[in-house]
Amino acid sequence: MSAMTKETRKIIVGMIENCDKSVLSDYFEKAIVDMTVQMTKGLEVNGYRILLQAMIHHNPLLVVDNLGKFGNLRNTYQNRQPICETVLWVASIGGTRKFDVGLRVWSTVLLPVVGMTAYAKFVVEIGRAHV
């Protein structure tokens, strides 16, 4: 989000702030799944990443409400490293705003893959970044 212009950031944040909480929650869950589907097709997902990041910065508890979804997506895509790392990255964003959210995400979503060679460094780097 830091690479966006102030005007673009203001529009996105304004849209999120004016959105009903239940709609925001439903869209968040749909966007996570849609992002992974688009990645399996080899399509760009930068728009999803920006919007999900903005939504999590506005309401970090969206991640906590979807820990099960993140766990399922992690398990589904753990053999497709770019997709799995994107799922882990999105889940970890909540920890940048609220330590308790980051701790729950780390222990629930990230810790199960720390023993996998492909993800160990990534998971440890996320943990370091949020401490």
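Pro82 belongs to helix 6 of what is a predicted model. Along the chain, Pro82 lies 42 residues from Thr40, and the C-alpha atoms of the two are separated by 9.7 Å. A second pair can be set beside this one. Lys41, found in the loop between helix 2 and helix 3, is 43 residues apart from Cys84 in sequence and 14 Å apart from Cys84 in space, C-alpha to C-alpha. Lys41 has a relative accessibility of 57%, so Lys41 counts as exposed too. Val37, placed in helix 2, has a value of 32% and therefore counts as partly exposed. Val37 and Met4 are 33 residues apart in sequence, with 25 Å between their C-alpha atoms.

Helix 2 leads on to the helix pairs. The axes of helix 2 (residues 21-40) and helix 3 (residues 46-58) come within 10 Å of each other and cross at roughly 150°. Because of this angle, helix 2 runs roughly antiparallel to helix 3; angles over 145 degrees are counted that way. The crossing in which helix 2 passes helix 3 is left-handed. On the helix 2 side, the contact is made by Leu24, Tyr27, Phe28, Ala31, Ile32, Asp34, Met35 and Gln38, and helix 3 supplies Tyr48, Arg49, Leu51, Leu52, Met55, Ile56 and His58. Sorted by class, these residues are 11 nonpolar, two polar and two charged.

Helix 5 packs against helix 6 at an angle of about 165°, with the two axes 8 Å apart. That angle is why helix 5 is described as roughly antiparallel to helix 6. Here, as helix 5 passes helix 6, the crossing is left-handed. Phe70, Leu73, Arg74 and Tyr77 in helix 5 meet a set of residues in helix 6, namely Gln81, Ile83, Cys84, Val87, Leu88, Val90 and Ala91. The contact between helix 5 and helix 6 divides into nine nonpolar residues, one polar and one charged.

Helix 5 also meets helix 7. The axes of this pair come within 9 Å and cross at roughly 35°, and the crossing of helix 5 and helix 7 is right-handed. From helix 5, the contact draws on Leu67, Phe70 and Arg74, while helix 7 contributes Arg104, Val105, Thr108 and Val109. The contact of helix 5 with helix 7 holds four nonpolar residues, one polar and two charged.

Phe28 takes part in the contact of helix 2 with helix 3, and Val105 in that of helix 7 with helix 5. With its neighbours within four places in sequence left aside, Leu88 is in contact with Arg74, Val109, Leu110, Val113, Tyr119, Phe122, Val123 and Ile126.

Note on methods. Residues numbered from 1 in each chain as written. Predicted model: local features only at pLDDT ≥ 70, side-chain atom pairs only at ≥ 80, totals over all residues. Heavy atoms only, no water. Axes fitted to C-alpha atoms, helices over the stretch in contact; angles between N-to-C directions. Helix = DSSP H or I, 4+ residues; strand = E, 2+ residues; numbered from the N terminus. Parallel < 35°, antiparallel > 145°, perpendicular 65-115°, else oblique. Left-handed = near helix turned anticlockwise from the far one by under 90°. Contact = heavy atoms within 4.5 Å. Nonpolar A, V, L, I, M, F, W, Y, C, P; charged D, E, K, R; others polar. Buried < 20%, exposed > 50% of the residue type's maximum accessible area, 1.4 Å probe, protein only.
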